[in-house]
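I opened my notebook to look around one protein chain, a stop at a time. Here is what I looked up.

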Amino acid sequence: DVKINQILNKRLNRNEHMPFAPIIISDLAKKCLKGWNDSQVASKSMTICYECTSYLKMKSPAVIHVDNTVRPQVLFREDNKVLFDVLKQYYIQTGNPSIINTSFNYHEEPIVEKPQDALKSLENNNIDILILEDLLIKI
């Protein structure tokens, strides 16, 4: 839902010119990204843009930049088995090949790197819940 961009931008004090990025499992990357292949390791860390396919544009409009590109994180199972399996199940259950991948720090604040940063972000209402290891924390 493209309305999520407005909701997240307001909540994190971002502006509409700051696009969100998708995270896509490698199994679906060719279906979503024009010209992608698994040797492009830069796609693992959101450092390369791709023109998106009509499929991704239809299924995940909130992650598409105004120029019809995306700056994805392509996730390989060997890099994070748990997240890969969660995203694969999400796709199986919803038909949506991506989720929004963004940091949850407030705009112009340092990126969340430590549990203390994440707790501060929760206290500032940037997020609803926080999961650290096997703990679910909600204020």
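**Entry 1: serine 60.** I began with the contacts of serine 60: leaving aside neighbours within four places in sequence, serine 60 is in contact with Asn96, Pro97 and Ser98. Contact here means heavy atoms within 4.5 Å. With Ser98 there is also a polar contact, side chain to side chain, at 2.8 Å. I noted that a polar contact is a pair of N or O atoms within 3.5 Å; within protein, one must be able to donate a hydrogen and the other to accept it, and residues adjacent in sequence count only if both atoms are side-chain atoms. Serine 60 sits in the loop between helix H3 and strand E3 (69-70). Is serine 60 buried or exposed? Serine 60 counts as buried because its relative accessible area is 5%. The cut-offs are under 20% for buried, over 50% for exposed and in between for partly exposed (1.4 Å probe, protein chains only).

**Entry 2: what I am looking at.** This is a predicted model, where local features need pLDDT of at least 70, side-chain atom pairs count only at pLDDT 80 or more, and totals for chains, interfaces and linings use all residues. Residues are numbered from 1 along each chain as its sequence is written, and side-chain values use heavy atoms, with hydrogens and water left out. The mean pLDDT (the predictor's confidence in each residue, from 0 to 100) is 88 for the chain, and 99% of its residues reach 70 or more. I found the lowest confidence in helix H1 (residues 3-12), at a mean of 77, and the highest in helix H2 (residues 26-32), at 97. Helices (H or I, at least four residues) and strands (E, at least two) are DSSP runs, numbered from the N terminus.

**Entry 3: the core.** Next I looked up the largest nonpolar core, which has 20 residues. Such a core is a set of buried Ala, Val, Leu, Ile, Met, Phe, Trp, Tyr and Cys residues joined through side-chain atoms within 4.5 Å. Leu33, Trp36, Leu56 and Val70 have the most contacts inside this core. Valine 70 touches, among others beyond four places in sequence, Pro22, Leu33, Ile48 and Leu56.

**Entry 4: methionine 46.** I found methionine 46 in the loop between H2 and strand E2 (50-51). Its phi is near 55°, a positive value in a residue other than glycine. Most residues other than glycine have a negative phi. Methionine 46 counts as partly exposed because its relative accessibility is 24%. Which residues does methionine 46 touch, not counting those up to four places away in sequence? They are Ala21, Arg71, Pro72, Gln73 and Asn101. Methionine 46 and arginine 71 are 25 residues apart in sequence, yet 5.4 Å apart in space, C-alpha to C-alpha.

**Entry 5: two asparagines.** Asparagine 68 lies in the loop between H3 and E3. Phi of asparagine 68 is positive too, near 70°. Asparagine 68 counts as buried because its relative accessibility is 19%. I then moved to asparagine 126, in the loop between helix H5 (115-123) and strand E6 (129-132). Asparagine 126 counts as buried because its relative accessibility is 6%. Its side chain makes a polar contact with the side chain of serine 121, at 2.9 Å.
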